[in-house]
Structure formats: C-alpha cells, structure tokens
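Here is a friendly note to read alongside the structure. Please keep the view open as you go through the points.

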Amino acid sequence: MTRISTATYETATDATKSFMDGIKAKFGKVPNFFGTIAQAPAAATAFASFNGALAETGLTAPEREAIALAQAGYHGCPYCAAAHTAIAKGAGVTEAETQIHLTGVASDPKTQSLITFTLTVVGKRGKVANEDIEAVKAAGFSEGQIIEAIAVVTANMFTNFVNLVATTDVDFPKVSIPTKQAA
C-alpha cells in the first residue's frame, strides 16, 4: 500500500495537470512515479526539467540505464528496477544485461567501469578516491561525462528515494531484484 498517494488527472491542480499532460504525451500514460511527484508541482517540474536535460548528455541511453539499474538494485527499489528494466529494453539492452546491471555488474568493460563508479559515488557519498576517477577515465569517459554520470546518479537517487518512501505501486512489469550486489 502506498504511503503517499498518486495524483490522478481528476484530483490534480491546474499546475499538476499541465505536468501530467507533458508526461502523458511522452509515455502515453502517467506512470505512478510521476503521479506521486505531481503531489509537489515544483518538485515535479524541477525533476522533469533536470531529467529531460540528462537525455542530452554524452552518455548513451544504455549507459544512463546501467546507472539507473545499478542504483535500483543497490537501494532495493522495486519501482525503479521495473521501470528502468522496461526503459533499458526500449534502449536496446538485453533482458540478461538488465538483470546483471541490477547486481552492479555489466558484461561490457566500459559499462562496468561506469557502474563501478556509480556505486562508489553512492556508497562513499561522493567521497571517491583519485583512483576511482582515473579508472573511469581510463575506460574512456571524459571529465564532462563523469560530471554527467554524477547528474544521472543524482536524478536516480531522487527517484529511488521517492519510490521507497512513498512505496509507489509498480505499474511496469515487475522484476526480481537479485540479492547479490557488487560494491
């Protein structure tokens, strides 16, 4: 049962309806996460703007989804695991790869370096070592992409925490979150 209700179009304020219209135009529906954050129109608008800008980074969609899946697994967020599995599949990531990303693993060494960096940033609360930066650079990521990765981590931290606090009802095909998590 959800602890924070999901706004519906019928219960939404005018500001929230505008936000929900934009989400519906993009997704064909208003996923429950967006209905939940619609309870706070300023937060919803800020997130939509920030997240929309992240689609323009130098990171590919599969790389951004690897970050999201690794965080969903790390935080044990059922909503984010399900949503980002579906989004990753739409970006061309295989089912098998989405499952291992949830454990903090990737079959591709470059993606693995990004996931390792992500989990280090999260686990060390940003207090990474020089070696952590050098490792992700050595894998082929630029300094700009490292900043972009941190931005993606930040956006996904927000979604993980909102969904865990709210216990948002999962409206994507549910997935199991493996218990093994790389650190």
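Predicted model: local features only at pLDDT ≥ 70, side-chain atom pairs only at ≥ 80, totals over all residues.

1. Residues are numbered from 1 along each chain as its sequence is written, and side-chain values use heavy atoms, with hydrogens and water left out.

2. H3 has 14 residues and reaches 20 Å from its first C-alpha to its last, close to the 20 Å expected at 1.5 Å a residue; the expected span is 1.5 Å times one less than the number of residues.

3. Which residues of H3 are buried? They are Ala-44, Phe-47 and Leu-54 (buried means under 20% relative accessible area and exposed over 50%, with partly exposed in between, using a 1.4 Å probe and protein chains only). These residues cover an arc of only 90 degrees around the axis, which puts them on the same side of H3; the arc is that of the directions from the helix axis to the C-beta atoms. Ala-42 and Ser-49, on the other side of H3, are exposed.

4. What do the buried residues of H3 pack against? Their partners are helices H1 (14–27), H2 (32–37), H4 (61–75) and H9 (143–166), where contact means heavy atoms within 4.5 Å.

5. Next, look at H4 with helix H5 (residues 78–90): their axes come within 9 Å and cross at roughly 160 degrees. (Axes are lines fitted to C-alpha atoms, for helices over the stretch in contact, and angles run from 0 to 180 degrees between N-to-C directions.) That makes H4 roughly antiparallel to H5, a label for angles over 145 degrees. On the H4 side, the contact includes Glu-65 and Leu-69, and on the H5 side Cys-80 and His-84.

6. H4 also packs with helix H7 (residues 109–123), at an angle of about 45 degrees and with the axes 9 Å apart. H4 and H7 are therefore oblique to each other. Among the residues that meet here are Ile-67 and Tyr-74 in H4, and Leu-114 and Val-122 in H7.

7. Finally, find Val-121 in H7. Val-121 is buried, with a relative accessible area of 11%. Not counting residues up to four places away in sequence, Val-121 touches Gly-126, Val-128 and Val-153. The C-alpha atoms of Val-121 and Val-153 are separated by 8.3 Å, although these residues lie 32 residues apart along the chain.

Technical notes
Helix = DSSP H or I, 4+ residues; strand = E, 2+ residues; numbered from the N terminus. Parallel < 35°, antiparallel > 145°, perpendicular 65-115°, else oblique.
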